Amino acid sequence: MQTNIRNSRWFPATLLAGIWLVVSSSAAADCGQPGWYVSSPWGFSTNSFWVAGPEGSILVDTQFLPSATREVAARVRECTGKPVLAALVLHANPDKFNGSQWLTKQGVEVLSSRAVVKAIPAVDSVRRRWFEKRYRPDYPDKLVLPKSFGAVSTRLERGGVVLNLHVLGPSVSAAHVVADWNGHLFVGDLVANRHHAWLERGDVDAWIATLEFLQGLRPTRIYPGRGEPGGPELLAGQIEYLRFVQEMVRAQKPSGEIPEAVAEKISDATKARYPGYGNEYFLELGIPAVWEKLAAVRPQ
């Protein structure tokens, strides 16, 4: 399904509202270990985290807007007294990779898996059509790819920080990296704590399988793409959310394109089940994607 985001009901109205929200709800940062930065709503309330070592820090996810990338790098130095030495892109969405251009210009080593790097150009091409004109000049003027650390899980050491990197397959994006720092998992948009999930691919079964793999690692702390960090219960909560949406769609016996009234019904039920969750407009793209995926495998 090719959704025309510019003409969809959710994109202009909701994101234009962010123009005034950013004035009253600015970015925030926490100087803990790991450190935590949250962009303004205009940048989709996107998390970046960093782990500080004696010589510098590794940044996890590079932000959607270059202005936010500059701000998070400044916060890292302010909090730690040391620079960002390396940055990880966990998956191929622009709120994870758009900061690569600015960081690379500053001499920061930006890294991801071979599969994520391969997936980025196609995603960037689509997202530029959605976002570049609207956000200009606060949008990268060209794509700068992370460097590949390879195709398999590995160990990353920079500045006295050691991360174990798990290379994972498709779910919320076409490919993923999850970073493990002593049982603390940085998972990107595999988990959205009290935010609706980005279900563009409709790949619920693969997503749940990935989350179950992460549960098997027995983590002590989860650092999501959006929302507050928490314990391993965040993995269970995300699985429950995904199963709920999938079963709501399946109950309508999907076939062909989803009727607008049915999409609204499922969206309303999801909002009622998860009141107060952020990014409600994600459902207007995600529910049709889950419908399309289930319709493709349903016996005719």
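User: What does C79 count as for accessibility?
Analyst: C79 counts as partly exposed, at 24% relative accessibility. (Buried is under 20% relative accessible area, exposed over 50%, partly exposed in between, with a 1.4 Å probe and protein chains only.)

User: Before I go on, what am I looking at?
Analyst: A predicted model, in which local features need pLDDT of at least 70 and side-chain atom pairs pLDDT 80 or more, while totals for chains, interfaces and linings use all residues. Numbering runs from 1 along each chain as its sequence is written, and side-chain values use heavy atoms, leaving out hydrogens and water.

User: OK. Which residue does C79 pair up with?
Analyst: C31, through a disulfide with S to S at 1.8 Å. (A disulfide here is two cysteine sulfurs within 2.5 Å.)

User: And how many disulfides does the structure hold?
Analyst: There is 1 disulfide in the structure. The pair links distant parts of the chain, 48 residues apart: C31 is in the loop between β1 (28–30) and β2 (35–38), and C79 is in helix α2 (residues 66–80). (Helices, H or I of at least four residues, and strands, E of at least two, are DSSP runs numbered from the N terminus.)

User: Is that link left-handed or right-handed?
Analyst: The C31 and C79 link is left-handed, with -55° about the S-S bond.

User: What's the relative accessible area at C31?
Analyst: It is 47% for C31, so C31 is partly exposed.

User: Now the open sheet. What's the strand order?
Analyst: The 5 strands run β8-β9-β10-β11-β12, with mixed pairing. (Strands pair if DSSP finds at least two bridges between them.)

User: Which strands stand at the edges?
Analyst: β8 (154–158) and β12 (221–226) do; each has a single partner strand, so one side of each lacks a neighbour in the sheet.

User: And in which sense do β10 and β11 pair?
Analyst: β10 (residues 176–181) and β11 (residues 184–192) pair in the antiparallel sense, over 3 bridges. W181 stands opposite H184 in β11.
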